[in-house]
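Hi,

Here is the structure I promised to pass on. Have a look at it first, and my notes follow below.

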Amino acid sequence: MNFRLIAAVSLVLGTAACDEGSTPAPTTGQPAVGSATDLSAFEGARAGQAEMGIQNLGYELIRSEGLTSFWFNRDTGACARITTADGRYSDVTMLPAEDC
């Protein structure tokens with residue numbers, strides 16, 4: 001039997017066995033938490049690090065009121081009110097679109 005054929009079959013079978021039951025990795029640039037419709041998983045996250053993740057989910061900063069910011073996703077109509085304390089998102093609340 002051809003050595004290259006054996007190596008190729010081993011590689012394919014070995015790779016297939018590794019993929020069984022595994023969770024797919026997030027799309028490049030997408031954070032591992034949150035979604036285009038719900039940012040509540042960001043509660044407790046460091047504000048400076050999480051902001052890019054929120055933007056990568058399609059949200060844009062609409063306005064800020066002190067330590068509270070309002071983020072809106074135009075594609076999904078999702079609105080989030082995020083309060084920051086001690087450099088972290090202390091409260092993340094999803095609101096109706098009209099609140100943004």
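Asn-73 sits in strand E2, which covers residues 68-73; strands here are DSSP runs of E with at least two residues, helices are runs of H or I with at least four, and both are numbered from the N terminus. With a relative accessible area of 1%, Asn-73 is buried (under 20%, with exposed being over 50% and partly exposed in between, for a 1.4 Å probe and protein chains only). A polar atom of the Asn-73 side chain lies 2.9 Å from the backbone oxygen of Leu-57. Leaving out residues up to four places away in sequence, Asn-73 touches Ala-36, Leu-57, Gly-58, Tyr-59 and Ala-78 (contact means heavy atoms within 4.5 Å).

A word on the source: this is a predicted model, where local features need pLDDT of at least 70 and side-chain atom pairs count only at pLDDT 80 or more, while totals for chains, interfaces and linings use all residues. Residues are numbered from 1 along each chain as its sequence is written, and side-chain values use heavy atoms, without hydrogens and water.

Of its 100 residues, 23% are buried. Among contacts between residues at least 6 apart in sequence, 38% join residues at least 24 apart.

Best wishes

Conventions
A polar contact is a pair of N or O atoms within 3.5 Å; within protein, one must be able to donate a hydrogen and the other to accept it, and residues adjacent in sequence count only if both atoms are side-chain atoms.
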